[in-house]
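Thanks for coming. Please have a look at the sequence and the model first.

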Amino acid sequence: MKKLLFALTVLFVLPLSVLAQRTIENPVVGARSMGTCTGLFIEKIELTKKATKLFLIYYHGMKDNPFRYAAGTTLRSGDKQWKLISADGIKLDDWVYPKDDGELITRFVLNFQPIDNSVETIDFVEADDINSFILYDIALTDKAAEEIKRRISVPDGAKDYAKNI
């Protein structure tokens with residue numbers, strides 16, 4: 001009887017724990033700040049009850065093109081804000097140069113406080129100044145992704161503009 005009860009518990013609890021984690025692969029981003037932020041891309045986002053993880057890739061473009069992230073970086077949605085807890089693969093507030101492997105890319109993970117399940121989009125904000133990395137309207141749901149794509153899509157008449165010149 002104990003084995004049956006244990007088996008039933010595992011059968012029902014294990015799927016619930018798996019559902020507690022959501023992964024968004026290559027999320028849609030509505031807009032980004034100019035400058036060095038143009039080399040920053042989100043590979044995936046993992047949302048769990050304990051943390052929000054952004055798996056990022058930075059394309060340096062050239063050997064002497066470093067970047068850095070401030071420890072005060074936040075995720076925001078409306079009046080809500082989630083703080084950066086830690087980073088894996090880089091040291092916060094230090095300049096990061098490309099490795100000598102010739103690829104000119106840096107992969108790293110930024111770990112934030114957990115986001116509420118009801119949030120559909122977030123902004124990634126390094127700081128509140130003109131030189132900061134900012135990614136606006138990062139979609140966390142399919143509904144939000146479709147809305148962003150519709151909003152930033154090119155009108156049909158403009159798609160054929162080059163052909164009509």
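Is phenylalanine 67 buried or exposed? Phenylalanine 67 counts as buried, because its relative accessibility is 1%. For that word, buried means under 20% relative accessible area, exposed means over 50%, and partly exposed is in between, with a 1.4 Å probe and protein chains only.

Some ground rules before I go on. This is a predicted model, where local features need pLDDT of at least 70 and side-chain atom pairs count only at pLDDT 80 or more, while totals for chains, interfaces and linings use all residues. Residues are numbered from 1 along each chain as its sequence is written, and side-chain values use heavy atoms, with hydrogens and water left out.

Now the overall layout. The protein has 3 helices and 9 strands. Helices (H or I, at least four residues) and strands (E, at least two) are DSSP runs, numbered from the N terminus. Along the sequence, the order is α-β-β-β-β-β-β-β-β-β-α-α. Of the 165 residues, 36% are buried. The protein exposes about 10900 Å², and 57% of that comes from carbon and sulfur atoms; the areas are from the Shrake-Rupley method with a 1.4 Å probe, and for residues only the protein chains shown count as cover. A contact means heavy atoms within 4.5 Å. Among contacts between residues at least 6 apart in sequence, 59% join residues at least 24 apart.

Next, the aromatic rings. Rings of Phe, Tyr and Trp (its six-membered ring) pair if their centres lie within 6.5 Å; planes under 30 degrees apart count as stacked, over 60 as edge-to-face, and the rest as tilted. The count by this rule is 7 aromatic pairs. Phenylalanine 41 counts as partly exposed because its relative accessibility is 39%, and tyrosine 59 counts as partly exposed at 41%.

Another pair brings back our opening residue. Tyrosine 58 and phenylalanine 67 form a tilted pair, 4.4 Å centre to centre, with 35° between the planes. Tyrosine 58 is buried, at 1% relative accessibility. Tyr58 and Phe67 belong to one aromatic cluster with Tyr69, Phe108, Phe112 and Phe124.

Charges also sit over rings here. The rule is that NZ of Lys or CZ of Arg is within 6 Å of the ring centre and within 35 degrees of the ring normal. The charged end of arginine 32 is over the ring of phenylalanine 41, 4.9 Å from its centre. Lysine 44 has its charged end over the ring of phenylalanine 55, 4.7 Å from the centre.

On to the nonpolar core. That term means a set of buried Ala, Val, Leu, Ile, Met, Phe, Trp, Tyr and Cys residues joined through side-chain atoms within 4.5 Å. Which residues of the largest core touch the most other members? They are Leu40, Tyr69, Phe108, Leu110 and Phe124, out of 29 residues. S3, S4, S6 (80–88), S7 (105–112), S8 (121–125) and S9 (134–139) are strands that each supply at least two residues of this core. S3 gives the most, with 4 residues. A second, separate core has 5 residues, including Ala139, Ala144, Ala145 and Ile148.

Take phenylalanine 108 as a case. Phenylalanine 108 is in strand S7 and is buried, with a relative accessible area of 3%.

Last, two loop residues. Aspartate 93 is in the loop between S6 and S7, and its phi is near 70°, a positive value in a residue other than glycine. Leucine 104 also lies in the loop between S6 and S7, with phi near 60°, again positive in a residue other than glycine. Aspartate 93 is partly exposed, at 43% relative accessible area, and leucine 104 is partly exposed at 24%.

That is where I stop.
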